[in-house]
Amino acid sequence: MTKNKVLHNKLNDGVMDLTVGNPIKMILRFALPIFLSQVFQQLYNTADTFIVGRFLGTEALAAVSSSGTLIFLLNSFFIGSSMGAGVVISRYFGANDDTRVSNAIHTNIAFGLVSSVMLTVIGVTLTPIFLEWMNTDPDVLPQAVEYFRHYFMGAIAFVMYNICTGIMNAVGDSKRPLYYLIFSSLLNIFLDVLFIGVFNWGVWAAATATVISQATSFILCLVHLMQKGHIYTVDIKKIRFHKDMLLEILKYGMPAGVQNSVIALANVIVQSQINSFGKLAMAAYGTHAKIEGFAFLPITSFSMTMTTFISQNLGAKKYDRAKKGAKFAIFTAVGLAETIGVICYIFAPNFIGLFDKNPKVIEYGVTQAHTVALFYFLLAFSHIIAALCRGAGKAIVPMIIMLSVWCVLRVSYIATVMHFINKIEFIYIAYPLTWAISSIIYFIYYRRSDWLHGFENKKNVAEK
């Protein structure tokens, strides 16, 4: 199949070839739907938090607010590993290798199905143990267990949804996931209000609403992917593990999976330190995480875009184009992050107060925001370079940096400081401190390494 014919087929599929056209315009066109998708994705969690806090009180809010850390811990390895599939699919899509694109997609789906079963068993069975280990307040513990167990009963819904949207994004289709997510997010909010506000059901209903909404998104995505005649068409009969693709997916995805898991474990340790300050501190920490999640969506969108952009262009061997796109994403993300940080710093009391009017909760939340918000530019820089590395097949680099700085150093700092000065402010300081150190390391790597040839062996690069 010729290059022009392949490109024609891609355009007919409704996907976006990021190896042609003005790179800045293509990045923005691809990033905007991802950004909007992330906004509605965040509504899933925020709707739970907001409605639970308003109708069920502070203890229920603390139970749901603590969910993010534990959910990320249990999801993180599988989500990180699926990133490897996205890199592989994008790379072969850029290289116009339809056969390997198809094999990678079907292997990724098989991996997701197996992961779903494992995650359901682990989540439902071990939730009480995890929550007790995290020093969850005894007043909050029963509702937290209730919420988590109902959430993980629907593990297949959110694992497979992420798998399907990852496939679409990898081949440049960021619009359809947005459309499906808008519908399911509105459904989530409606079900939250119905179950909790009207029926007065407990926190388990918030988890159930989320599962139903995620399942709806997954079904919509799967129906589209199963349509015939596309470069990414999914055939149920072809879903199996292709050994070469599985090894390649694990090669690029395993470092991200390990990185995510260990960072999540470190966050659980940090959460346990926060929990030791009581349920009001828990509620504030969880609420700030929701606000920060919204605030950081533009940067997250650029990070996801860069992984696909870099993979496609390096697969097509368009190195100058990859460099130009990387520079634009770095400067844009850093500028956006600092602007957002200033806004969060100024309006922190208003944002926290939207979720909980308790003065102590607001005090804790504002203290955290005033400690970290002005340093968001460092977090943005680290995330963008990490995404660039993953897109270039260098997933081991962010894994090493994140594990050593965001995990080992952060946890060691908190454990040491809390031993001598048991004040919550010093936990908050750990974040900008470790962001700064990782950014310095990433800057050195970006400037001095040959990340452009991450998919090629050293012999081939030397012969160029």
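Q: Okay, how many helices and strands does the protein chain have?
A: The protein chain has 18 helices and 0 strands. Keep in mind that this is a predicted model.

Q: And how does the radius of gyration sit against the globule rule?
A: The radius of gyration is 22 Å, close to the 23 Å that the globule rule gives for 464 residues, so the protein chain is as compact as a globular protein of that length. If you want box dimensions, the C-alpha atoms fill roughly 65 × 45 × 35 Å along the principal axes.

Q: What share of the residues is buried?
A: 57% of the 464 residues count as buried.

Q: Switching to charges. How many salt bridges does a search of the whole structure find?
A: It finds 4. One of them is between the side chains of Arg-91 and Glu-248, at 2.9 Å from N to O.

Q: Where do those two sit, and what does the pair tie together?
A: Arg-91 is in helix H4 (residues 67–94) and Glu-248 is in helix H10 (residues 243–275), so the pair ties together parts that are 157 residues apart in sequence.

Q: Is that pair buried or exposed?
A: Buried, on both ends. Arg-91 has a relative accessible area of 18%, and Glu-248 has 12%. The cut-off for buried is under 20%, so each of them makes it.

Q: How are Glu-363 and Lys-360 placed along their helix?
A: They're 3 residues apart in helix H14 (residues 359–372), which means about one helical turn separates them. Both count as partly exposed: Glu-363 has a relative accessible area of 44%, and Lys-360 is at 34%.

Q: New topic: which residues make the nonpolar surface patch?
A: That patch covers about 650 Å² and is made by Val-342, Ile-343, Tyr-345, Ile-346, Phe-347, Leu-374, Phe-375 and Phe-377.

Q: Which helix gives the largest share of it?
A: Helix H13 (residues 319–353), with 5 residues. Ile-346 is in helix H13.

Q: Why does Ile-346 count as exposed?
A: Its relative accessibility is 51%, and the cut-off for exposed is over 50%, so Ile-346 qualifies.

Q: Last stop, Thr-434. Which helix is that in?
A: Thr-434 belongs to helix H17 (residues 425–448).

Q: Buried or exposed?
A: Thr-434 counts as buried, at 1% relative accessibility.

Q: What does Thr-434 touch?
A: Leaving out residues up to four places away in sequence, Thr-434 touches Val-405, Trp-406, Leu-409 and Arg-410.

Q: And how far is its side chain from the backbone oxygen of Ala-430?
A: A polar atom of the Thr-434 side chain is 2.8 Å from that oxygen.

Terms used:
Residues numbered from 1 in each chain as written. Predicted model: local features only at pLDDT ≥ 70, side-chain atom pairs only at ≥ 80, totals over all residues. Heavy atoms only, no water. Patch = residues over 30% accessible without salt bridge, like charges linked within 9 Å, V, L, I, M, F, W, Y side chains within 5 Å. Areas by Shrake-Rupley, 256 points an atom, 1.4 Å probe, with all protein chains shown as cover. Helix = DSSP H or I, 4+ residues; strand = E, 2+ residues; numbered from the N terminus. Buried < 20%, exposed > 50% of the residue type's maximum accessible area, 1.4 Å probe, protein only. Rg over C-alpha atoms; globule rule 2.2 N^0.38 Å. Polar contact = N/O pair within 3.5 Å; in protein donor to acceptor, adjacent residues only side chain to side chain. Contact = heavy atoms within 4.5 Å.
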